[in-house]
Amino acid sequence: MNISLSGIKKNFGSLQALRDIHLQVKSGEFVTLLGPSGCGKTTLLRILAGLEEADEGNIRFDDSIIFSAEEKRNVSPQKRQIGMVFQDFALWPHMTVFENVAYGLRARGIRKGLGERVTQALGDVQLEKHASRYPHQLSGGQQQRVAFARAVAANPKLILLDEPLSALDAALRVEMRILLQKLVKKHGLTAVYVTHDQHEAMSLSDRIVVLKSGEILQTGAPEEIYRKPVDENVASFIGHGSLIPVAFRKKEMIVENQYVGPWDGVEEKEVDADTSFQAIIRPEQVAVYNNSGPHRLLGVVQAVSFLGERYELNIQLKNSDYTLMAYSGTKHTIGEDVYCSLDTGNIHILSEKERSTYHETA
């Protein structure tokens, strides 16, 4: 199912929850709405589901208009051919696993082949042996699997997921992400997923839509969003890194008045000799040494975090207000002097023209 949203606006009193949203989702695509609390992502998902009505704009599913403020058309949720998975599982406690999955089919008036469809859906989530159990007899991960099964049992064309993994522990979230990807691809579903967790968004999505204050800041593949954020808001929200002013002189990048490496251009932008830009410097673009050398910045270790396969360092540049984040295979101590070399060829530059000011919503 192809989805098209045009000019979607939504206010709650004086609060602008969504501001002129335009978005296309291709059939079979897994798209994640990503942003901080209050950015409008859940409101947008509820409008897609028909649980909330937009003030302006229109929505098409393939060639059908399912919502138009101008035409006063709003197709009811049960007629939109969608499945929905919620954060809190939303299972009926007095019904067995089988009956919870069957409930959505019966609500749609489906009787023929009901048992086979429920059994198949439970098999997809590896719960066919738990069909006679009740929700309280299942773990959190198993309950969420039931919710997934219920959502796909009716063969929807679109599945909407509202932070479905946030109630699970870290290890279980990884397992459920893999299962969810398999389910969506197996059934050929178009999926729209809401989360504030960037790791979920990066690992699950074909495309990410970053929102803030009811506006879309950037849309793109996870790699594009991470490597080439359009502005400081996206750069700060996606991944780890440091926003630091840089300048360019004589084909060299300069940080804190020190040459840090060769530079062939600011991503095809013409740069005057003394032009200053903001750079997003990711931890993997910083190499840490114990000794000084060409193009190395002196800093002092402020914090050390052990991540299992490596250490994450927070390094304060000497005589500077700026810090770098870096990864290291060896342990460093807080207060230790280190030298940092930057991978200038892969550092993304934010030009002045790319910066914007966004108004916060509550």
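**A tour of selected salt bridges**

Begin by selecting D124, which is buried at a relative accessible area of 13%; buried denotes under 20% relative accessible area, exposed over 50%, and partly exposed the range in between (1.4 Å probe, protein chains only). The model is predicted: local features need pLDDT of at least 70, side-chain atom pairs count only at pLDDT 80 or more, and totals for chains, interfaces and linings use all residues. Residues are numbered from 1 along each chain as its sequence is written, and side-chain values use heavy atoms, with hydrogens and water left out.

K186 belongs to helix α5 (residues 170–186) and D124 to helix α3 (residues 114–124), so the pair ties together parts 62 residues apart in sequence. Helices (H or I, at least four residues) and strands (E, at least two) are DSSP runs, numbered from the N terminus. K186 itself is exposed, at 56% relative accessible area.

Now select E29 and R207, whose side chains meet in a salt bridge (2.6 Å, N to O). E29 sits in the loop between β2 (15–25) and β3 (30–34), and R207 in strand β10 (residues 207–212), so this pair ties together parts 178 residues apart in sequence. Both E29 and R207 are buried.

Finally, select E99 and R106, which are joined by a salt bridge between their side chains (2.6 Å, N to O). E99 is partly exposed at 29% relative accessibility, and R106 is partly exposed at 34%. The structure holds ten salt bridges.

Definitions and conventions
Salt bridge = Lys/Arg side-chain N within 4 Å of Asp/Glu carboxyl O.
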